[in-house]
Every structure is written in C-alpha cells, then in structure tokens.
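Let's take a friendly walk through a protein structure together. Have a look at it first, and then we will go from one stop to the next.

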Amino acid sequence: MRRTRILVATFSLAAGLLAGTPPALATATSAPPLAADTYTWKNARIDGGGFVPGIVFNRTEKNLAYARTDIGGAYRWQQSTKTWTPLLDSVGWNEWGHTGVVSLASDPVQPDKVYAAVGTYTNSWDPTGGAVLRSADRGASWQKTDLPFKLGGNMPGRGMGERLAVDPNRNSVLYLGAPSGKGLWRSTDSGVTWSQVTSFPNPGNYRQDPSDTSGYASDNQGIVWVTFDESTGTSGNATKTLYVGVADKDNSVYRSTDAGATWTRLAGQPTGYLAHKGVLDAVNGYLYLAYSDTGGPYDGGKGRLLRYATATGTWTDISPVAEADTYYGFSGLSVDRQHPSTLMATAYSSWWPDTQLFRSTDSGATWTKAWDYTSYPNRANRYTMDVSSSPWLTFGANPSPPEQTPKLGWMTEALEIDPFDSARMMFGTGATVYGTEDLTKWDSGGQFGLKPMVRGLEETAVNDLAAPPSGGARLFSALGDIGGFRHTDLTSVPSMMYTSPAFTSTTSLDFAESNPDTVVRVGDLDSGPHIAFSTDNGANWFAGQDPSGVSGGGTVAAAADGSRFVWSPAGTGVRHTTGFGTSWAQSAGIPAGAIVESDRVDAKTFYGFKSGKFYVSTDGGATFTASSATGLPSGDSVRFKALPGAKGDVWLAGGAADGAYGLWHSTDGGASFTRLANVEQADTVGFGKAAPGASYQTLYTSAKIGGVRGIFRSTDKGASWTRINDDAHQWGWTGAAITGDPRVYGRVYVSTNGRGVVYGDVSGTGDTGGGEGGGTDPAPGPTGACTVSYKITNQWADGFQADVTLANTGSSAWNGWSLAWSFADGQKVTQMWNAGYTQSGATVTVRNVSWNGTVAAGSSVAFGLTGSRSGTANGRPASFKLGDRTCTVA
C-alpha cells in the first residue's frame with residue numbers, strides 16, 4: 001500500500017541522484033555524431049501500481065480526460081481503446097523531477113490545449129525547480145515555462161486540488177497555487193509567463209510535521225485549489241468570481257468577485273480543517289467543500305462536507321455522517337454536470353476496513369454509501385468488483401470481515417463523474433484507477449459494476465530487474481510499494497505479485513545463473529522475514545529466516561549454481577549461507593551496507609562494493625578481501641554485474657558529477673579495472689544476447705555518451721555505442737537497473753522511477769514478448785477491401801498531429817494488419833499510439849499492437865501520430881496499402 005511510496009521514490013533517488021546531480025546536457029552541435037537505432041518501446045504490463053491523485057475531464061469535449069500521478073507523469077484517456085496514453089515520457093534525466101505532476105488543467109475553450117504543473121519535491125531532493133508545461137496537441141508535445149519555486153508532485157498534500165485552473169470564459173488566463181509560502185500565481189498569456197498575484201492575502205501555513213528537518217513534511221502546503229464560477233463571466237472576458245483553497249485550518253477559502261484584483265476570506269467558514277477540494281455547481285449556485293483535519297494523502301482522522309450558497313453566503317453542513325463518527329477525511333469530490341444536484345465524495349483516508357464512497361442526489365441533503373454494515377462485521381455492497389484484468393489487486397489476501405478483497409481502495413483523493421455521461425465515473429486509489437459505466441444503478445437500488453480502468457497507465461518505481469536465460473519467467477522485477485512480479489508474458493498482466501512473503505517493496509533479487517529455477521529476493525516489510533526463495537523459477541516462494549538486526553532488504557546474490565547466498569541487509573552486516581537461509585554466518589572483511597553480487601560461473605566467488613572499494617570472496621562469501629583496484633567511484637551510487645559465461649568478467653557503473661563517474665571493466669575478478677574512455681557517465685550496466693555474428697554478450701547502460709544522456713547498446717565489448725532510445729522516450733530517471741534479454745537479441749529492460757518497467761525491441765523484429773523464446777508475429781496480410789481516413793488534427797511550425805482510421809470493408813475478419821504509406825513532403829513520424837511503426841525514408845509501415853490486431857468485417861481500428869516537418873507543406877499521403885492491397889482513401 002502506497003504508504004511506502006515516500007521511501008521508495010525519495011530515498012532511492014537520494015542514493016542514486018542527489019549524491020551528484022548530472023550536469024546539463026551538451027547541445028547537439030557540441031557533441032560528436034552518435035550512432036542510433038530505432039526501437040519500439042512498451043511497458044511490461046502491470047497496469048497501475050501507484051497513486052493516482054488527480055483525474056480531470058474536459059468540460060466541453062466528450063471523452064477527453066487526463067490523469068496525473070505523483071512520480072509517473074501524466075496520461076490522456078483514449079476512448080476508442082479504453083486505455084491511457086503516457087504524455088511525459090520525453091522528460092529527460094536532468095529534469096527527472098518533472099515526472100511528478102502536482103496538477104493538470106484541460107482547456108474548456110480550446111480542448112486541444114492542456115497544462116501540467118510539474119516538479120516532484122519542494123526540498124533539496126529535487127535539484128530542479130518547478131515548471132508549467134503547456135501543450136496545444138493534447139500532450140503529444142510540450143513547451144515549458146520554468147517557475148521561480150519548486151512544486152511537489154510527491155509531497156504531502158498532493159491529493160488536494162486542482163491547483164492549476166483555466167478561466168472558462170477567457171482561457172488565456174490561468175491560475176496556479178504554489179506551495180512553500182510562494183502564494184498564488186497567474187498567467188494572462190496561456191501559460192507562457194507567470195506573475196504572483198500580490199493582492200492574494202494568504203500563502204498558507206499548514207505543515208504536516210514542522211519538526212521534520214528534511215523539509216519534506218515541514219513544507220508549507222500552500223495554495224491547494226482554484227475554482228471558477230463560470231456564471232459570472234462571458235465569453236472572452238475574465239470570470240469575475242473565483243474561489244481559492246488555502247492550506248490554513250483557520251482560513252481555508254477565499255473569494256474574489258473582481259477577476260482576481262481583490263480577495264476576501266469567506267465569512268462563516270468552518271475552522272480546524274483543510275479544504276481538500278472545492279467544486280462549484282453554477283447551476284444551483286453551490287460551492288461544495290470536502291474537508292479533512294490533515295493534508296493527506298495518507299493521514300486524516302476527521303472530516304466534514306459543507307455546502308456554501310454563493311448568492312446568500314449561507315453555509316450548510318451536509319456531512320453524510322456525524323463529525324464524531326468520522327475517522328477519516330473527505331476528498332474525491334465531484335458534481336454530476338448532467339444532473340448538478342447529484343454529487344459524490346470519498347473517505348480518502350479510511351484505510352480499514354475499506355475506503356468509502358458517498359452519493360447524494362439532492363445537493364447533499366441525504367446520502368447513501370457504496371457499502372454499509374448489515375450486522376457487523378458483515379457488509380452489503382452497492383457495487384460489484386471485477387479485477388480479472390488486474391488480478392493482483394486482490395494482493396493475495398484472505399481477510400476477515402469486514403475487510404474484503406479486492407478492496408474498494410485507499411488514498412481515494414480523486415473521483416470524477418464524467419460531465420457528459422452520468423453513468424461513468426472514475427476514481428484513483430493508491431494502486432489503480434477504478435471506474436464504472438453503470439453508476440446510475442446506484443440510485444435505482446441495483447449494483448453498479450466497478451473494474452480497473454487503468455490499462456496503459458503504468459506507475460511503479462523499479463529497484464531491480466533480472467532476466468533468466470531459461471524457464472517460464474521472462475523477467476523478474478523488484479518494485480516499490482507492490483513488491484514485484486514474475487512476467488511469463490510481457491504483454492499480459494501477471495496474476496499476482498510475489499507472495500509468501502509479500503514485501504511492501506522488493507529491493508533486490510537474483511537467480512542462479514546455471515540453475516535459474518533457484519531465485520532469491522529481499523525487501524522491506526513492517527514485520528516478518530525480509531528474504532524469500534523459489535526453487536521453481538519464481539512461480540512459488542517460501543520465506544527464509546532473518547539473521548538478527550535486519551531492518552530492511554538491502555542487496556542479495558545467488559551463487560552461480562544456487563548452492564549458497566550472500567546477503568547484505570539493512571541494519572546489520574553482510575551474511576552468507578548454504579542452502580536456503582535457515583541460518584546465516586557473518587561475512588568477514590566486508591563492511592556493512594556493501595552492495596553484493598555473484599560471479600556467474602564460479603559458485604564460490606562473490607563480489608562486493610562499498611565507498612570506493614571493491615571486495616572479492618572466493619570461499620562462498622565467508623571472507624572478503626579488498627581489491628587493490630583504484631580510481632573507482634568514492635560514493636555508493638554504484639551498480640555492478642558479472643558477465644554470464646565468463647569467470648571474473650565484471651562491469652561497474654556509477655559515480656557522481658563531482659568525482660569519478662563512468663563505466664569500468666575488469667577481466668580478472670575485480671583485481672583491476674579499466675575505465676572506458678568513451679563513456680562520460682554511466683549509472684547502470686546489463687547484458688543480453690549477443691548480436692548475430694558476435695561472440696561477446698550485448699552490453700546495455702543508462703549513460704551519458706558523446707554528450708548525450710540516453711539508453712545505449714554496445715555489441716563490441718564497449719568499443720562503440722549506439723543510442724537506442726530517443727528524445728521522446730526518456731522516462732526521467734533510469735538509474736536503478738537495466739538488463740538485456742539473454743534469449744532475444746536487442747531486447748532491453750529499463751527501470752524507471754514511476755513509469756514502470758519499460759522494454760525495447762529493435763523496430764521491425766516482431767517479437768511479441770510472450771512465451772518461451774518470445775515468439776514472432778506472423779506477417780499480417782489480410783485480404784479484402786479496406787478504407788483509410790487520414791486526418792490532420794493539428795499542426796504547428798515544425799510539426800503536426802494526425803488521426804488515422806483503417807476500416808475493414810471486406811467480408812472476412814483480419815487477424816493482424818500492416819498498413820503502409822509514403823510522405824511526399826519530408827514528414828517524419830515522431831510518436832505513435834495504438835500501433836507500432838517503422839519509417840524508412842518517406843515510407844511508413846504501421847503494424848497492429850497486441851490488442852487491436854483482430855478487426856471484424858465492417859469494423860475499423862484507429863491510431864494516432866505526431867510528426868515533424870521541415871517546410872510549410874504537410875500533404876496527406878496519396879495512397880495506402882494494406883499488405884499488397886491498395887485501400888480506398890476516405
């Protein structure tokens with residue numbers, strides 16, 4: 001559960017980045033040319049896995065919705081596939097903090113425009129300042145305005161909001177509520193420039209924990225939401241009345257009636273609470289407010305719901321339960337825009353036995369609950385829950401009543417009723433997005449159906465990765481908050497995370513190189529063992545026994561043959577064992593906290609690293625000896641691995657910008673290391689299947705080479721490097737782990753800190769990621785007639801966006817398809833969603849993805865793209881070919 005997110009997302013970054021923030025990227029003109037390869041990037045499907053604190057529907061265009069995450073970027077809803085498209089994968093290494101989204105705003109006047117307020121931490125953990133990103137193509141591309149203060153997408157209070165808002169009458173005007181005492185800010189030029197609203201009287205004063213010396217819990221949570229009363233403006237003129245929520249328990253709501261020139265505290269408002277949400281129903285003239293005694297998203301012990309009559313100034317307590325009976329705060333507030341007297345709210349901080357959803361159809365006069373007790377501890381639910389698409393959401397639990405599995409949720413700060421469809425509602429939890437399309441059954445006495453509406457939204461923090469050379473598992477992942485998964489098919493959601501035991505966060509894992517059925521993992525757990533073993537390739541697990549003093553997972557290494565293990569847990573020194581951890585002995589000669597790895601050939605050889613020193617054991621981890629190697633990084637921001645199949649072949653990556661930083665290679669078991677002169681900085685290293693004709697395994701690294709930060713591949717033992725990602729696929733910080741696939745040449749698995757496990761294949765290779773050996777897509781060649789509609793939906797000076805619809809106008813279904821066309825004006829595809837593509841010169845070839853290959857007769861499939869162009873011309877393709885057949889152009 002997401003309570004551990006702070007540790008995962010923060011302290012892992014502190015170890016990996018804050019020891020030395022990478023310098024700014026060199027410009028392209030100052031760097032030598034880099035070899036590059038075209039890759040197709042996907043997620044190893046988990047579907048969710050993190051906190052979704054905000055969901056935003058556009059008020060004027062149907063089916064246009066966005067979601068924001070605390071460390072994993074922003075997403076746009078794709079109605080045709082009912083999936084989410086990531087929008088901030090272009091955020092690079094140097095600005096990794098901009099993957100934390102504290103607020104989103106979708107322009108109600110020009111729906112193509114969307115804005116994101118980004119920045120992860122307001123304290124020293126995030127080296128960059130906050131920014132407002134603006135897009136004129138629904139997030140396909142962005143422009144940025146840096147702010148003179150930081151923003152906190154992963155800070156306390158991040159579920160309040162929205163802090164960013166567009167004036168619905170004059171959409172060039174935006175407001176942004178700032179944390180840290182920086183006040184209220186306004187833009188009058190569609191987010192290009194910002195200035196402080198100096199007339200706003202209160203920058204907030206609430207701090208979760210004023211004594212926190214790190215600055216994390218002690219920061220002033222500031223201005224937390226902005227709401228316009230659209231009825232007080234006319235098109236083209238600034239809205240006169242707007243309301244602002246402030247993190248101040250005595251003065252939480254302010255109003256302006258002169259378009260932000262002056263402000264007054266709303267008289268008669270309650271005190272002792274923070275207003276998490278302020279939602280206005282302009283039809284009936286009500287401002288609804290959801291209050292909690294703390295800022296959330298984890299805490300909150302008391303709450304109230306209130307209604308403010310905007311015309312009379314009358315306050316009405318509309319709380320669905322008595323204040324004395326709350327043990328939670330209220331949030332997740334939404335009004336049904338089709339029926340404005342209907343509203344909903346959540347008990348966001350009700351961890352046990354479950355969260356609660358409340359619904360009123362009479363403006364808050366009366367309420368019903370999503371579940372209630374019949375006779376304690378038994379409960380009756382107004383909903384059904386189907387998590388078959390994300391079966392791990394049961395968490396493998398078997399709780400006693402009144403708890404149920406799967407849970408309705410926790411940290412439910414975001415709930416929105418679709419403004420165009422009263423039957424559709426979505427709400428965010430600490431692990432997923434749930435939704436329904438038959439919500440109105442609630443009011444007729446039936447049960448509405450809930451299911452995950454999260455496909456495409458991948459939000460896990462990755463600590464370690466391992467790809468075994470054989471067995472049913474394609475990939476093992478060590479994740480924050482939800483432990484990790486064994487993927488046997490990268491395109492399918494695993495049925496369950498690791499259990500027996502289930503760690504809150506897995507910190508390290510390994511398999512025996514010559515016996516991959518033997519797997520070990522270690523992790524964090526509030527109480528219970530911190531190590532687990534598997535003897536069937538990770539399908540089933542059993543707990544080991546902790547040595548005394550263990551407080552956290554640390555790192556672990558399995559001997560090449562699985563006969564023994566070395567563990568460096570948090571809280572105590574390095575230990576070794578034979579067998580499966582029933583007893584542990586202290587390892588001599590190596591300091592506590594060292595990173596440990598195994599040689600992949602010699603079962604008795606293990607390696608360690610700590611504070612610039614490399615350590616070697618040749619007796620199964622009983623004793624270590626410090627190597628005489630010099631020049632290695634002095635800190636502990638290091639990852640190293642031994643090469644499979646070659647005894648004593650070790651690669652080490654890491655360092656910091658103020659000291660040694662790069663990639664080193666040893667061929668003598670760590671006795672000496674040689675630094676690669678062509679790698680400026682490196683943070684991870686991994687190995688995969690050798691290239692055709694090559695004898696040495698392929699190397700992968702997240703590094704800076706030739707002045708460019710990226711993901712790189714080498715097929716010649718590091719003599720030369722090819723960048724395999726591009727500027728559209730950067731995913732912020734990728735410094736925790738990387739590994740190639742030992743079974744598929746070119747495939748690489750990349751860790752992210754909030755965008756899940758990303759994997760890449762050389763474009764056009766056709767490997768699906770499923771089953772033993774991966775498999776290959778058949779060359780699609782459907783028969784029958786086809787029609788193509790190619791529509792340019794937006795264009796700008798050097799780029800454009802297009803939507804393509806391919807219709808099967810024949811008489812038989814397609815099972816896989818491939819569509820080709822040629823651009824006449826030098827256009828180049830830069831991004832595509834709902835399809836894969838390759839481009840050679842002017843020719844573009846588009847293939848189906850796993851979920852849209854089957855197209856029934858009379859049906860169609862849609863995908864979208866953004867592209868670049870160098871001139872003024874941007875002609876549509878003249879013809880399209882489906883396999884060998886020419887399609888009709890609509």
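Proline 501 sits in the loop between strand S36 (486–487) and strand S37 (505–512); strands (E, at least two residues) and helices (H or I, at least four) are DSSP runs, numbered from the N terminus. The peptide bond leading from serine 500 to this proline is cis, with omega near 0°. Another cis bond joins glycine 296 and proline 297, with an omega of about 5°. Proline 297 is also a loop residue, placed between strand S20 (286–292) and strand S21 (303–309).

Before going on, keep in mind that this is a predicted model, in which local features need pLDDT of at least 70, side-chain atom pairs count only at pLDDT 80 or more, and totals for chains, interfaces and linings use all residues. Residues are numbered from 1 along each chain as its sequence is written, and side-chain values use heavy atoms, leaving out hydrogens and water.

Now step back to the whole chain. How many helices and strands does the protein chain have? It has one helix and 72 strands. Along its principal axes, the C-alpha trace spans about 80 × 70 × 55 Å. A compact globule of 890 residues would have a radius of gyration near 29 Å, and the 27 Å of this chain agrees with that; the radius is taken over C-alpha atoms, and the globule rule is 2.2 Å times the number of residues to the power 0.38. Of the 890 residues, 61% count as buried, where buried means under 20% relative accessible area, exposed over 50%, and partly exposed in between (1.4 Å probe, protein chains only).

What lies inside? In soluble globular proteins, nonpolar side chains tend to be buried together. Here the largest nonpolar core has 40 residues, and Met344, Leu357, Trp392 and Met425 are among those with the most contacts inside it. Such a core is a set of buried Ala, Val, Leu, Ile, Met, Phe, Trp, Tyr and Cys residues joined through side-chain atoms within 4.5 Å. Strand S31 (425–428) and strand S35 (475–479) are among the elements that give two or more residues to this core. Apart from it lies another core of 25 residues, including Phe800 and Trp821.

Finally, most residues other than glycine have a negative phi. Tryptophan 731, however, has a positive phi near 60°, and at 4% relative accessibility it counts as buried. Asparagine 63 has a phi near 70°, and is partly exposed, with a relative accessible area of 23%.
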